[in-house]
Amino acid sequence: MKILKNPYYGIYFGDKFYKKLKKKKKSIKIILVDSLTKKYCLHYFLYKTDFFKKKKIIKISSGEKKKNIETCQIIWKKLIKMNADRNSLFLNLGGGVITDMGAFACSVFKRGINFINIPTTLLSMIDASIGGKTGINFFSLKNEIGLFNFPKQIIIDNNLLKTLSFPEMKSGLSEIIKYGLISDINLWNFLKKSIFFKKKIKYDNNIIYQSIKIKNSIIDKDPIEKGLRKILNFGHTIGHAIESYFIFNLKKKISHGHSIAIGMICESWISYKMNMIKKKEFKEIYNVLSKIYSKIEIYNKDIEKIIYFIKHDKKNENKKIKFSLIKKLGYCLSNIEVDNELIKNSIKNSKIINLI
Ligand SMILES: NC(=O)c1ccc[n+]([C@@H]2O[C@H](COP(=O)([O-])OP(=O)(O)OC[C@H]3O[C@@H](n4cnc5c(N)ncnc54)[C@H](O)[C@@H]3O)[C@@H](O)[C@H]2O)c1
Ligand SMILES: [Zn+2]
């Protein structure tokens, strides 16, 4: 069994760990699922744990729109009815919405009950379930309410990906590309070649392990985002704003990874305009990302709405908008102040956004 450890938790690769889970002596075992992970993942998980006893299921609707305080209230009420206590075992079986929100709900229930993440999307395996950021959306702002709190364990079982749709796989790929761009030139070159030559990327334990290793090593050095960890936000300042604008203003679905891919194009353009990377490097990034992620449409009159979301980004300090930007392929710097006009121009000039 492959294991990655840091001071807070262990990340277990493969399906061998399920048996250990079964043996845990707990008052009750609560499994949080959404409508799709109930359909596609729950039976497999129960089978792997020999349908363990004293289990209770909490099911919520799937989707980013449900990552809110109302859904948390549903979870808390159910936990109270189940007599959940600090000796209960809470398992988040789902994508990033389940792992972010389930972890948040657990972290504040009875001042904190333990939880284990079992991510079921590529994005949550390589990113959302790792690293202790818990949270929910509030007042149309992404992850506005939350806290750092680490899971007790994380189980990475890529068998769970078999039922995941192609767009959701693409969403996860976006964060793998980000790891390459911010800290691993070899990973970037591998992805670039695969995408250009249309080679199928195999989401085996290798690439998943490599991605998690990158995130884990960054978190190990800076667990609560005092410095280095901010580089993981590359693409997310503009990306999160686009995601919020789509979900809360246009009421349209866009995946997290798709928004971040667009954010990475805009933010790489800013790096280029600030003389941090060469035009050739920007073009390389644009060509790779625009091969996989489709164009989106934004109303010209709504650019200010996107800027409003950017102004509420958590990395900002003293009302100054701060970005994490790449300095060269495979290397990223954080805390870079960027001018409002340059941000607007990065959206206007990015060929991946159609202003209508
Ligand atoms: N905490 C962090 O560090 C961090 C990092 C990155 C992203 N995030 C958060 O993660 C969320 C996005 O995660 P996501 O993309 O996993 O979203 P998600 O949880 O909404 O999952 C995407 C869709 O796939 C479905 N699904 C999940 N597993 C499935 C499976 N095995 N088979 C079929 N369908 C399945 C879900 O029901 C959902 O409809 C965002 O809210 C984002 O803010 C958090
Ligand atoms: Zn992300």
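This is a predicted model: local features need pLDDT of at least 70, side-chain atom pairs count only at pLDDT 80 or more; totals for chains, interfaces and linings use all residues.
Residues are numbered from 1 along each chain as written, and chains are lettered from A and ligands numbered from 1 in written order. Local features need pLDDT of at least 70, side-chain atom pairs count only at pLDDT 80 or more, totals for chains, interfaces and linings use all residues, and side-chain values use heavy atoms, leaving out hydrogens and water.

The zinc ion (ligand 2) has E175 (OE), H236 (NE2) and H256 (NE2) as its protein donors, at 1.9 to 2.1 Å; donors are N, O and S atoms within 2.8 Å of the metal (3.2 Å for Na, K and Ca), and sites may look incomplete because water is not among the atoms. Their spacing in sequence is E-x60-H-x19-H. E175 belongs to helix 7 (residues 166-183) and H256 to helix 11 (residues 256-273), so this pair links distant parts of the chain, 81 residues apart; helices are DSSP runs of H or I with at least four residues, numbered from the N terminus. E175 is buried at a relative accessible area of 0%, and H256 is buried at 17% (buried means under 20%, with a 1.4 Å probe and protein chains only).

Helix 5 (residues 96-108) is mostly covered, with twelve of its 13 residues buried. Just after helix 5, K110 adopts a positive phi of about 50 degrees.

Finally, residues of helix 13, including I303 and I307, meet residues of helix 14, among them I343 and I347 (contact means heavy atoms within 4.5 Å).

Note on methods: Buried means under 20% relative accessible area, exposed over 50%, partly exposed in between (1.4 Å probe, protein chains only). Helices (H or I, at least four residues) and strands (E, at least two) are DSSP runs, numbered from the N terminus.
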